[in-house]
Amino acid sequence: MARNQLGVLNALDVAKTQWYHFTAIVIAGMGFFTDAYDLFSISLVTKLLGRIYYFNLKSDKPGTLPPNVAAAVNGVALCGTLAGQLFFGWLGDKLGRKRVYGITLVLMVVCSVASGLSLGRQPKGVMATLCFFRFWLGFGIGGDYPLSATIMSEYANKKTRGAFIAAVFAMQGFGILAGGIVALIVSSAFDHAFKAPPYSVDREGSTVPEADYIWRIILMFGAIPAAMTYYWRMKMPETARYTALVAKNAKQAATDMSKVLNVDLEAEEEKVEKITQERSHNFGLFSREFARRHGIHLIGTTTTWFLLDIAYYSSNLFQKDIFSKVGWLPKAAQMNAIHEVFRIARAQTLIALCGTVPGYWFTVAFIDRIGRFAIQLMGFFFMTVFMFALAIPYHHWTRKENHTGFVIMYSLTFFFANFGPNATTFVVPAEIFPARLRSTCHGISAACGKAGAIVGAFGFLYAAQGKTDRDAGYPRGIGMKNSLIMLGVINFFGMLFTLLVPESKGKSLEELTGENEDEPGQTEQPRELSAAKTVPQ
C-alpha cells in the first residue's frame, strides 16, 4: 500500500524532543493542574460548609450538609464537566483546537473566583450560587480534556507521544497535591490566629466567624495557575493535523510547523487535496464506516473510562469519610471547625504525595516502553486486588493499630489507578480516532468517564451509610465494607473491557487511523487495531 503521509506530519512524527514539546506540556498541563485542583478541592471544605451553614445547637454532632445539598455540591461540577466534554470536544473539531482552547480557560478562571464569592448569608443562597458557579467551572474544565489531549497528541512525535500526553494528565496529581497544601497553609494560619475549642466543649464557639473565609480562599486559589497560562495558550499555533487534514490548508500548516520545528517545510497542497477528498476519509461519526473501523474501540474507551471513574471519584471525593469511618481522623466533635479542615487536608495530601503523584509519573516513564494496553490491564488488576484487600477484612483495618496499614493499602490503590487506567483512558482516545473526529471522540469517552464519576459521587455518598454509623439525614445504605467490595467488582469489569482497547504505541496517528492510505477503505486495523486482537504483538 502506498503511503500518502504529508511531509509536515512526518516531520512532527520523527522530530527529536525539543523545547516546544515541553512548552506544550506546561501550557496544556497547567489547565489540568487547575482542573484537578478545582474538582477535588471541594472535598476539603464540605465538612466546613456543613459546620458553618447547617449548625444545630441541639445536636451532639457538628452540622453536616443535608444529603441533597452534599450530593449537589460534590456532583454539580462533574455534571458541568460532562456537558463541557461533549460540547467543546465537538467544537474543537468544528472550529479548531486553538480557537476553542482560550474559551475554556477563561471560564475556569472566572468561575473559580466566582465560586469563592458565592452570594448571600443564608444557606440556600450560598449553596445555590456555589453550585451554579461550580457547574460552569466544570463546563470549562470539561473542554480542557479533549482539547489538551488532542493538541498534545497532534504536536508530539510518535516515539514519545504517550509520555507527552500522560505528562499533561500527570499535572492532575500536582493539582490534587496543591489543593491539599493550600488547605493546610490556610487552615493552619487561621487555626493559629483564631483559637477555638472543640465542638464537644463549646458547640457554638468551635466555629469562629472567620472560618467562612477559609473555604472561599481555597476555592478561589484555583484561578491563579490558569490565569498565568492564558497568554501562552493564545500564542500556540493551530495543530498541523487540524490545519492540513480538517481545515485543508496545507500552506498554513507548513508555515506554522516551520516556525515550531525551525526547519523549512513544503506546502503539499495537491497531496492534502487528494487525501481529504478520498471518500474513505470523509465518513461521519454516525456512519457505518465509522462503526466498522472504530466502533469497538469507542465502546472500549467509553466503558473503561466509565468504570474507572466510578471507583476513582468515589475513593477520591470521599477520602475524608473513609478516613473517619476507619478512625484515622478523630471524631468531628473532638475538633473545632478549622482544625478539622487541617486534619482532612493533611490526610489527603499524604495520600496524594505517596500514591497519586508517583503513579502518574510512573505512567509517563513507562507508557512508551511497555505500552498503553499493558499498563491499563495491570492497573485495573491491582486496583481490584487492593480494593478487595481493604474491603474483605474491613473490620481489621478499623482497629487503631492497623490504621497505618490501611493508609498504605489505600495509597497503593491510588498508585495503580494513576500508574494504570486513570492515565491510559485519557491517552488512548487522543490517538486512535481520525483527526476530524479526534476531539469529539475523546470528548465522548471523557464524558462517559464523568458519567461514572457522577455515579460514584452520588452513589457512594448514600451506599456507604451503615446501619449504626450513618450521617444525619441519610437513609441506610449497604455500609462502607460492601461499598468497597462493589468498587472492587467494578475494577474487575474494567479489566475485562480493557480487552476492547487497542494498543497504539510507536505508530503515527495517521497509521493508526488509516488517514495516510492510498487505497479507499484500507487501514492498519488487521494487526494491532482489530477488535479481535488488541493485545500488543
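The legends below describe close-up views of a predicted model.

**View 1. Gln172 within helix H6.** Gln172 belongs to helix H6, which spans residues 161-193 (helices are DSSP runs of H or I of at least four residues, numbered from the N terminus). This residue is buried, with a relative accessible area of 2% (buried means under 20%, for a 1.4 Å probe and protein chains only).

**View 2. The surroundings of Gln172.** The side chains of Gln172 and Tyr360 form a polar contact at 2.8 Å (a pair of N or O atoms within 3.5 Å, one able to donate a hydrogen and the other to accept it). When neighbours within four places in sequence are left aside, Gln172 is in contact with Phe32, Ala36, Tyr145, Tyr360 and Asn422 (heavy atoms within 4.5 Å).

**View 3. The second largest cavity.** The volume of this cavity is about 70 Å³ (the space filled by probe spheres set on the grid points). A cavity is a set of points on a 1 Å grid where a 1.4 Å probe fits but cannot get out, and lining residues have an atom within 4 Å of a point. Eleven residues line the second largest cavity, and Leu44, Ile176, Gly179, Gly180 and Gln348 lie nearest its centre.

**View 4. Composition of the lining of the second largest cavity.** Helix H2 (19-53), H6 and helix H15 (337-370) each contribute at least two residues, and H6 gives the largest share, four residues. The lining comprises four nonpolar, seven polar and no charged residues, with Gly counted as polar.

Residues are numbered from 1 along each chain as its sequence is written. Local features need pLDDT of at least 70, side-chain atom pairs count only at pLDDT 80 or more, totals for chains, interfaces and linings use all residues, and side-chain values use heavy atoms, without hydrogens and water.

Methods: Buried means under 20% relative accessible area, exposed over 50%, partly exposed in between (1.4 Å probe, protein chains only). On a 1 Å grid over the protein atoms alone, a cavity is a set of points where a 1.4 Å probe fits but cannot get out, and a pocket is an open set with protein on both sides within 12 Å along at least five of seven lines; lining residues have an atom within 4 Å of a point.
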